[in-house]
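This note accompanies the structure shown below. It is arranged as numbered points for a colleague who wishes to check each one against the coordinates.

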Amino acid sequence: MVVGGTGITPAYQLLTNLFGRPATAQPQLSNVPKIDVLYATRNLENALLLPQLHTLVEAHQEKISVSLFAEHLAGSPASLSPADRSALGAQLTASEGASSGRSWLSSVFGKGSSKLAAKLELTALGAATKIPVYESRITQQHLERVLTRANKVDEGKGRTLILVSGPDGMVSALAGAKSRDGQSQGSLSGILATLGCRQEDVFKL
């Protein structure tokens, strides 16, 4: 899933349809797909549903991963604004990103550009999982590496499907404009077309 802004809402609804809501999360399910969520937001204070997303990741560590991409971040966890902390809720805390690249996204990029290393990590007391936060937009390189990883995992096992949900400009840049008649998806173009994705594997909301 590649989502931006309020586009996280339908994506979250899909996750809860598959895995149950955080308060009633189901045990690990073998018959549901592995889902990577790349969530873009202007800044941390505008991010939605972060505590709920972390709870789902914690309950289904082998099935769900979430990475947050913010165009602007505070310089350090200590300098988070009250609005930033409000987005985290009472459950989550922020820490410095791990320079060793412990998140799966950092590991596929390797060391190098600061935009490819998590600046912050979000977690909860006693939790084993973290949501890495990158100070970057979701770029073609991010998508290429994630799709390469997903295709290796799914090789011979099925299709890699991509849901794009967010503002019209973001959807258009990633996958082409949605149809004006509201009845069809519209042609695939943009970054995902450049990466060789197929029309039938990309869904726009």
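The points below treat the basis of the model, the sheet, the cores and several individual residues.

1. Basis. The model is predicted; local features need pLDDT of at least 70, side-chain atom pairs count only at pLDDT 80 or more, and totals for chains, interfaces and linings use all residues. Residues are numbered from 1 along each chain as its sequence is written, and side-chain values use heavy atoms, with hydrogens and water left out.

2. The sheet. Eight strands form an open sheet of mixed pairing, in the order S4-S5-S6-S3-S2-S1-S7-S8. Because strand S4 (92-96) and strand S8 (202-204) stand at the edges with a single partner strand each, one side of each is left without a neighbour in the sheet. From one strand to the next, the twist averages 20°. That angle is taken between axes, which are lines fitted to C-alpha atoms (for helices over the stretch in contact), and runs from 0 to 180 degrees between N-to-C directions. Helices (H or I, at least four residues) and strands (E, at least two) are DSSP runs numbered from the N terminus; two strands pair if DSSP finds at least two bridges between them.

3. Strand S5 and its partners. S4 and S5 run antiparallel and are joined by five bridges, with alanine 94 opposite leucine 122 in S5. S5 and S6 also pair in the antiparallel sense, over three bridges. Here leucine 122 stands opposite isoleucine 131 in S6, and glutamate 121 stands opposite proline 132 in S6. The hairpin of S5 and S6 has six residues between the strands, and glycine 126 takes a positive phi near 80° there.

4. Burial of S5. In a regular strand the side chains alternate between the two faces of the sheet. Leu120, Leu122 and Ala124 point one way from S5, while Glu121 and Thr123 point the other way. Five of the five residues of S5 are buried, where buried means under 20% relative accessible area, exposed over 50%, and partly exposed in between (1.4 Å probe, protein chains only).

5. Threonine 129. This residue is in the loop between strand S5 (120-124) and strand S6 (131-135). Why does threonine 129 count as buried? Its relative accessible area is 10%, and buried means under 20%. The side chains of threonine 129 and glutamate 58 are joined by a polar contact of 2.5 Å. A polar contact is a pair of N or O atoms within 3.5 Å; within protein, one must be able to donate a hydrogen and the other to accept it, and residues adjacent in sequence count only if both atoms are side-chain atoms. Leaving aside neighbours within four places in sequence, threonine 129 is in contact (heavy atoms within 4.5 Å) with His54, Val57, Glu58, Gln61, Leu122 and Thr123.

6. The nonpolar cores. A nonpolar core is a set of buried Ala, Val, Leu, Ile, Met, Phe, Trp, Tyr and Cys residues joined through side-chain atoms within 4.5 Å. The largest has 32 residues, and those with the most contacts inside it are Met1, Leu15, Val37, Tyr39, Leu50 and Leu68. At least two residues of this core come from each of H1, strand S2 (35-43), helix H2 (50-59), strand S3 (64-72), S5 and S6. H1 gives the most, with five residues. Apart from this core lies another, of 21 residues, among them Ala40, Tyr134, Ala175 and Val202.

7. Leucine 44. Leucine 44 lies in the loop between S2 and H2 and is buried, with a relative accessible area of 1%. Not counting residues up to four places away in sequence, leucine 44 touches Leu50, Leu68, His72, Leu73, Leu80, Asp84, Ala87 and Leu88. Leucine 44 and glutamate 71 are 27 residues apart in sequence and 9.0 Å apart in space, C-alpha to C-alpha.

8. Alanine 175. Alanine 175 is in helix H6 (residues 168-175) and counts as buried at 0% relative accessibility. Residues that alanine 175 touches, beyond four places away in sequence, include Val164, Ser187, Leu192 and Val202. The C-alpha atoms of alanine 175 and valine 164 are separated by 7.6 Å.

9. Threonine 9 is found in helix H1 (residues 8-19) and counts as partly exposed, at 33% relative accessibility.
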